[in-house]
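Have the sequence and the 3D view ready.

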Amino acid sequence: MDRVTPGQALCRLDDIPANEAIAVDATIDGELDSLILTRQGESVRAYFNICPHAGRRLDWAPGKFLMKDGLLICAAHGASFQAVDGFCIGGPCRGASLRAVPVEVTEGAVVLARQGA
């Protein structure tokens, strides 16, 4: 797992529409990376904004994602990832997964968590 800066604020929980996804930037291992944040109720999952199929971003426009029935769909080649765990269930990278980034919700803020959180 990549080293993260625990407690680094990414956004407010309310910034992520229910059952949708947004993109945020975070510094991980000293590099600025684009992350995908998905929200289901009060739970947030984060993934690097990189499709395992071709290494391209998943958003169709900066920070805009295709979501349907709990699936995050790569705009480039149509791979379908379960928002809850990042597992690809359809498309050219079926069986692969998005790379997760540990996050937690603290006092209404989405923050980078310690590894294993």
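## Asp-69

Asp-69 sits in the loop between E5 and strand E6 (71-73); strands here are DSSP runs of E, at least two residues long, numbered from the N terminus. Asp-69 isn't a glycine, yet its phi is positive, at about 55 degrees. Is Asp-69 buried or exposed? With a relative accessibility of 71%, Asp-69 counts as exposed (buried means under 20% relative accessible area, exposed over 50%, partly exposed in between, using a 1.4 Å probe and protein chains only).

A quick note on the source: this is a predicted model, where local features need pLDDT of at least 70, side-chain atom pairs count only at pLDDT 80 or more, and totals for chains, interfaces and linings use all residues. Residues are numbered from 1 along each chain as its sequence is written, and side-chain values use heavy atoms, with hydrogens and water left out.

## Asp-29

Now hop to the loop between strand E2 (21-28) and strand E3 (31-40), where you'll find Asp-29. Its phi is positive too, near 55 degrees, in a residue other than glycine. Asp-29 is partly exposed because its relative accessibility is 34%.

## Asp-59

Asp-59 belongs to the loop between strand E4 (43-48) and strand E5 (66-68). Its relative accessible area is 10%, so Asp-59 is buried.

Which side chains does the Asp-59 side chain make polar contacts with? One is that of Arg-57, at 2.7 Å, and another is that of Asn-49, at 3.3 Å. (A polar contact is a pair of N or O atoms within 3.5 Å; within protein, one must be able to donate a hydrogen and the other to accept it, and residues adjacent in sequence count only if both atoms are side-chain atoms.) Setting aside neighbours within four places in sequence, Asp-59 is in contact (heavy atoms within 4.5 Å) with Ala-23, Asn-49, Lys-64, Phe-65 and Ala-75.

Technical notes:
Helix = DSSP H or I, 4+ residues; strand = E, 2+ residues; numbered from the N terminus.
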